[in-house]
Amino acid sequence: MRLLGKYLRRYHWYFSIAGLAMLVSIGLDMFNPHLLRLIIDRIIIGKQLNLLQMALLSLLGITVSRAVLGYCKEFLFDCGGQKVVTDLRQDLFDHLQTLSFSYFDGVNTGELMSRLKEDIDNIMRAVVFGFMLFTEQCIYFAVASVLLFALHWKLALLALAVMPCIAWLAFRLEQRIGVVYEQLSDQSVRINTTAQENLAGVRLVKAFGREKYEIQKFLDQNQRNYQLNLDQAAIWSRYHPWIEFLTSLAIVLVTAGGGFLVMREELSVGTLVAFSNYVTMLIWPMRMLGWLTNLLAQCLASVKKVEALFREQPEIADPAAPVVSAVIAGRLRFTDVSFEYNGRTVLRNINLDLQPGSTLAIMGLTGSGKSSLINLIGRYYDRSAGRIELDGVDVRDWPLKLLREQLAVVMQETFLFSDTITENIQFGSGRATPEQLAAAARDAQVDEFVAELPDGYETVIGERGIGLSGGQKQRIALARALVKQCPLLILDDATSNLDMETEYRIQRALERRSGMTKIIIAHRISAVKNADEIIVIEDGAIVERGTHQQLLALGQRYYQTYREQFQGLLELAGKEEQSHAV
Ligand SMILES: Nc1ncnc2c1ncn2[C@@H]1O[C@H](COP(=O)(O)OP(=O)(O)OP(=O)(O)O)[C@@H](O)[C@H]1O
């Protein structure tokens with residue numbers, strides 16, 4: 001709760017003024033039955049008509065003040081509560097942005113979404129009205145009880161006798177309904193996930209003819225939801241009539257007992273009316289007790305989960321004494337670098353030295369460690385041993401933000417936002433001029449297909465807009481990296497969905513961007529053959545290195561790949577040679 005205290009203190013004026021308005025409102029509410037008593041006993045029965053004007057004016061004054069104070073209270077609690085929750089949600093989101101890749105490897109997105117949405121909503125309900133209602137009802141109960149005893153202690157005991165039963169039933173109702181409510185909330189997440197997965201993968205479902213299976217899966221989830229709703233209704237209908245009954249019983253007991261006392265002239269009619277009013281003030285806190293404790297318990301549980309998330313610290317943080325390179329040119333050096341994920345070594349003794357403007361190509365079987373290697377440069381993960389230097393400074397000494405600004409990366413999995421093509425290309429480089437944007441789009445061969453789209457670069461893509469092919473998405477991702485104009489360009493299998501001709505044109509364009517140091521991961525010889533150095537990784541270690549010609553001459557893994565990819569052409573060349581010889 002310390003976390004919540006910090007935010008509540010930030011807006012304490014809202015809550016203080018709202019709390020004051022609440023106290024004065026309660027005071028006025030407590031005065032109302034006294035006024036009624038006066039009107040009945042002295043003006044109606046006692047015929048003291050000279051008091052009528054004053055009593056009516058007081059009644060009007062109380063009603064108006066109550067309305068104004070009620071408005072202030074609601075508005076300020078709501079306003080303060082919303083401010084607290086908006087800040088909390090924003091800070092949580094900002095905090096998530098600081099966490100490292102490794103954190104997101106081990107957590108599921110649905111869970112984080114639930115922290116940001118459901119848990120913060122639980123906290124919001126408590127801050128906006130839960131705490132306020134709880135305090136208000138406690139004060140009502142305490143003050144009304146004292147006043148009841150002051151009016152007639154025996155009748156007060158009679159009225160209070162029923163209250164624990166109402167409280168117990170209301171508490172049990174909320175306890176039992178709370179359990180089902182939790183299950184319903186989990187169930188609604190399951191229904192959402194089932195529907196979302198089905199809709200996202202609808203093409204796969206249709207291609208495999210799995211519609212019936214999917215319908216049954218959804219039906220099961222829906223049926224479970226229906227059953228839980230029935231359970232909730234059954235619990236409600238079991239407890240609620242009893243609560244209603246006991247509420248009425250309390251009024252009946254007070255009316256009967258009070259009526260008897262009135263007849264014996266031990267109590268005035270006005271006092272009996274005032275008494276009944278105070279009893280009503282006792283009943284509501286009892287009836288709301290279960291609901292409010294549930295609301296506050298949910299808030300407490302959510303605060304704990306959110307606090308735990310806030311306690312997560314980024315594994316990779318800024319250095320204590322950052323060093324900035326005098327020249328930022330893009331020279332990259334790996335010295336005996338090794339890396340492991342959770343104790344499993346995936347890279348061993350990697351040594352590299354890339355001169356500014358040079359191109360390194362990385363090949364290797366799937367899972368051999370190619371992506372892991374490039375992930376170390378921008379410190380998405382930290383190496384386990386060795387040293388990685390960018391422009392002579394260890395990457396761990398660079399200010400993290402500045403280091404990442406030197407890198408333009410096209411990740412293996414293309415991710416585009418549901419936005420216009422321009423916005424997607426501009427992402428991460430807000431300062432790019434229109435000319436730079438146009439050049440990047442041209443070099444990445446985006447121009448070619450965008451010209452045919454209805455709104456050109458302003459066409460919205462993704463879920464809210466038109467669909468694109470895998471190759472078109474890759475080209476936009478490439479343009480996004482190029483527009484960033486960094487000394488280091490990293491392409492992780494970024495042209496795998498392109499045809500050879502488009503890939504060739506992109507390669508030529510990249511070669512023209514000679515100031516950039518480039519690292520290209522690819523499986524196709526055509527994508528790597530012009531690199532200054534090609535390395536082949538196997539099981540986390542460099543097993544071959546050299547230029548295209550050197551590796552062909554070596555006649556090992558690279559050559560094998562070359563043969564497999566160019567088998568047809570080699571055979572054709574062989575036949576042509578034979579026919580020339582004939
Ligand atoms: N986030 C991670 N947590 C744990 N292990 C990982 C993680 N990412 C990759 N690995 C493991 O590290 C090894 C190297 O993976 P990496 O992604 O670097 O291979 P790759 O050569 O890029 O493969 P591909 O060509 O399929 O992309 C694999 O065995 C993989 O299972």
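**Reading a predicted model**

Modeller: Let us begin with a loop: Asp539 is placed in the loop between strand E9 (533–538) and strand E10 (541–546). Please keep in mind that this is a predicted model.

Biologist: What is the phi of Asp539?

Modeller: The general idea comes first. Most residues other than glycine have a negative phi. In this structure, Asp539 is not a glycine, yet its phi is positive, at about 50°.

Biologist: Is Asp539 buried or exposed?

Modeller: Asp539 counts as exposed, because its relative accessibility is 60% and the cut-off for exposed is over 50%.

Biologist: Which value does phi take in Asp336?

Modeller: Phi of Asp336 is near 50°, again a positive value in a residue other than glycine. Asp336 is located in strand E1 (residues 332–341). Its relative accessibility is 40%, and therefore Asp336 counts as partly exposed.

Biologist: Where does Asn375 lie, and what does it contact?

Modeller: Asn375 belongs to helix H10 (residues 370–375). With a relative accessibility of 13%, Asn375 counts as buried, because buried means under 20%. If its neighbours within four places in sequence are left aside, Asn375 is in contact with Tyr341, Tyr380 and Tyr381.

Biologist: Let us turn to helix packing. How do H1 and H3 pack?

Modeller: Two packed helices are described by the angle between their axes and the distance between the axes. Here, helix H1 (residues 2–10) packs with helix H3 (residues 52–98) at an angle of about 130°, and their axes are 9 Å apart. H1 is therefore oblique to H3. The crossing in which H1 passes H3 is right-handed.

Biologist: Which residues of H1 and H3 meet?

Modeller: From H1 come Leu3, Leu4, Tyr7, Leu8 and Arg10, and from H3 come Val84, Asp87, Leu88 and Asp91. Sorted by kind, the residues of this contact are six nonpolar, no polar and three charged.

Biologist: Which residues of H1 are buried?

Modeller: An α-helix has 3.6 residues a turn, so residues three or four places apart point the same way. In H1, the buried residues are Leu3, Leu4, Gly5 and Tyr7. The buried residues of H1 pack against H3, H5 and H9.

Biologist: How do the axes of H2 and H3 cross?

Modeller: The axes of H2 and H3 cross at roughly 160° and come within 8 Å. H2 is therefore roughly antiparallel to H3, since angles over 145 degrees count as such. This crossing of H2 and H3 is left-handed. Its contact residues divide into 23 nonpolar, eight polar and four charged.

Biologist: How many residues does the largest nonpolar core have?

Modeller: It has 68 residues, and those with the most contacts inside it are Leu88, Ile123, Met163, Phe275, Val279 and Val306. At least two residues of this core are supplied by each of H1, helix H2 (12–45), H3, helix H5 (109–151), helix H6 (153–200), helix H8 (211–263) and helix H9 (269–311). H9 gives the largest share, 15 residues.

Biologist: What is Ile123 in contact with?

Modeller: Apart from its neighbours within four places in sequence, Ile123 is in contact with Leu4, Leu88, Cys299, Ser302, Val303 and Val306. There is also a second, separate core of 46 residues, which includes Leu416, Leu478, Ala479 and Leu498.

Conventions. Residues are numbered from 1 along each chain as its sequence is written. This is a predicted model: local features need pLDDT of at least 70, side-chain atom pairs count only at pLDDT 80 or more; totals for chains, interfaces and linings use all residues. Side-chain values use heavy atoms; hydrogens and water are left out. Axes are lines fitted to C-alpha atoms, for helices over the stretch in contact, and angles run from 0 to 180 degrees between N-to-C directions. Helices (H or I, at least four residues) and strands (E, at least two) are DSSP runs, numbered from the N terminus. Angles under 35 degrees count as roughly parallel, over 145 as roughly antiparallel, 65 to 115 as roughly perpendicular and the rest as oblique. A crossing is left-handed if the near helix is turned anticlockwise from the far one by less than a right angle, and right-handed if clockwise. Contact means heavy atoms within 4.5 Å. Ala, Val, Leu, Ile, Met, Phe, Trp, Tyr, Cys and Pro count as nonpolar, Asp, Glu, Lys and Arg as charged, and the others, Gly among them, as polar. A nonpolar core is a set of buried Ala, Val, Leu, Ile, Met, Phe, Trp, Tyr and Cys residues joined through side-chain atoms within 4.5 Å. Buried means under 20% relative accessible area, exposed over 50%, partly exposed in between (1.4 Å probe, protein chains only).
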